Amino acid sequence: MKILLKEISSLVTLVGNNSTPRRGKLMNEIGEIKDGALFFDDKILWVGTTVEADIKLQNGELVPEQIVSLKGRTVFPGFVDSHTHLVFAGDRSGEFAKRISGVSYKQIAKEGGGIISTVSAVRKASEEELFDNASKYLTNAIQHGTVAIEIKSGYGLDTGNEIKMLRVIERLRENYPIYIVPTFLGAHDFPPEYRSNPDGYVELICNEMIPRVSEMNLAKYCDCFVDDGYYTLQQAEKIFKTAMQYGLKVRVHADELADVGAGMLAAKVGAISADHLLFVSEDSLQALSETGTIATLLPGTSYFIRMPYAPAKKILQYSIPIALASDFNPGSCFTENMQIILSLAVVNLGLTCEQAIVASTINGAHALEIADKIGSIEVGKDATFVILDCSSYIEIFYHFGVNHVQSVWVEGKKIA
Ligand code: NIG
Ligand code: FE
C-alpha cells in the first residue's frame, strides 16, 4: 500500500553520502526536515517537506492510498543494535546484587559466575527454551525501536551448543521481520573442560567449530573476547585468520577490561568493528584511524558494571567512525532498550545528540554491512523506520527512561 505521512514535526532522514560509515564532521549531520513528509510502499518513494508534498498531491505526482498526519511526532530510521548476546538461559540477578554490594565483574567470574554460569544454563536448555527466552527479549527490543540487530553465540563453548545457539538465531531470523545478523562467538571464554588447555580449545574452534559454522552457513561474522584473562592476541589472530579463510568477517570484543592491544589487532586483521574499547590505547586508535574499522561503543556496559566509559571524544578526534549498541546480555548489560543507551552516550560518553543518532542508525547499519538497505530514510531504501511520540529527537535523550516509540515499520508494514 502507498502511504503518505505528512506534517511530521521532526523527520530525521540521515540523508547524505552513506556509501561509507560517517566520521568526523559528518557524524553531526542527521538531515532533519521539520514539517516533513514521507511517501512509501515497501520502499521509500519520496522524502520532502509537507509544503512540497501538498504541491505534488495537487499535480498528481503523489497518489497515496492513505494520508496520515504526524503532527507532534518524530520519524527516524530506527535503531541498528550491532552488538548483542540476546540468546541465553538462566538467571544472573544474584550476581548483579553482589556487584552492587561491591564485588567486581572480574571477581564474580573468578568465583564461577559470569559468562560460565550462563554457559551451564545454555548447555542444559533446549533449542525451544532458548528460542522462547530470546523471543521475549527481541520483542522488547523491537518495541523500543530496534529495526536490526546482531546476535552472537558464545554461551555454548562446544561445537554442539554453539551450533544450537546459532540455530536459535536462525529461527529468530525466520520468525521476525527485522534484520537479524548472526555472529559466531565460540571464543567468548574458555569452557571448564579446557581451562587447563586453552590452546586446545583454540584448536577446536579453528579445526572444528569454524568449518562447521561456515559449512552450515550459520554466521556472517566471527568475534573473540580479546582481553585480560580471556583470549590473547596470538590466540585471537589465529581464530580470526581461520574465520576469514572460511568466509567469516571479523568483529572484536576489544580492550574492555584492560588495554591488551586488541584495538591494534582489530586494525591489523581489518575487522569490521572493534567493540567496547574502554581501555584502548592511543597507538590502537592511531592504527584504527587508518582502516575502515568502526568503533562500537557500549555505554550500557560501563554503566551496568560500573566501569570507566570508552574515550569517545578521543575516538572522535582520531576521526574513527563510531557506532552505538546495547551489548544486551545477562551479565554486563541487561537492557534491550536503545533509547537508554543513547541517553547514556550523550551524558557519559560526551557524544552530541546528533552523533548518537548517527552512531545508532546509519553507522550501526554499516557495522552490520546493511547500510544499502536501512539506517537512513532515503529514496530506494527499505521503508523501515520508527515513529516516536515526541516532537523532536532531542526528547530521546532529555526525557530518558521512558519508551517514546509509537510504532515500528519494516518494509512499509507496521510491525509494532
Ligand atoms: O560484552 N565481554 C564479554 N562478553 C559480554 C559479557 C557477557 C556476560 O557477562 O555474560 C560483554 O560484556
Ligand atoms: Fe559483548
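**View 1. Ligand 1 in its cavity.** In this predicted model, ligand 1 sits in the largest cavity. On a 1 Å grid over the protein atoms alone, a cavity is a set of points where a 1.4 Å probe fits but cannot get out. A molecule sits there if more than half of its atoms lie within 2 Å of the grid points.

**View 2. The shell around ligand 1.** The ligand is surrounded by 15 residues (a heavy atom within 4 Å). Among the closest are Arg92, Tyr105 and Glu256. The shell holds four nonpolar, eight polar and three charged residues. Tyr counts as nonpolar, Glu and Arg as charged, and Gly as polar.

View 3. The side chain of Arg92 places an N or O atom 2.7 Å from a ligand oxygen. For His188, a side-chain N or O atom is 2.7 Å from a ligand nitrogen. In His276, a polar side-chain atom lies 2.9 Å from a ligand oxygen. Taken alone, ligand 1 exposes 330 Å² (Shrake-Rupley method, 1.4 Å probe). The protein buries 100% of that.

**Notes.** Residues are numbered from 1 along each chain, and ligands from 1 in the order written. Local features need pLDDT of at least 70, side-chain atom pairs 80 or more, and side-chain values use heavy atoms.

Key:
Polar contact = N/O pair within 3.5 Å; in protein donor to acceptor, adjacent residues only side chain to side chain. 1 Å grid on protein atoms, 1.4 Å probe; cavity = no way out; pocket = protein on both sides within 12 Å on 5 of 7 lines; lining within 4 Å.
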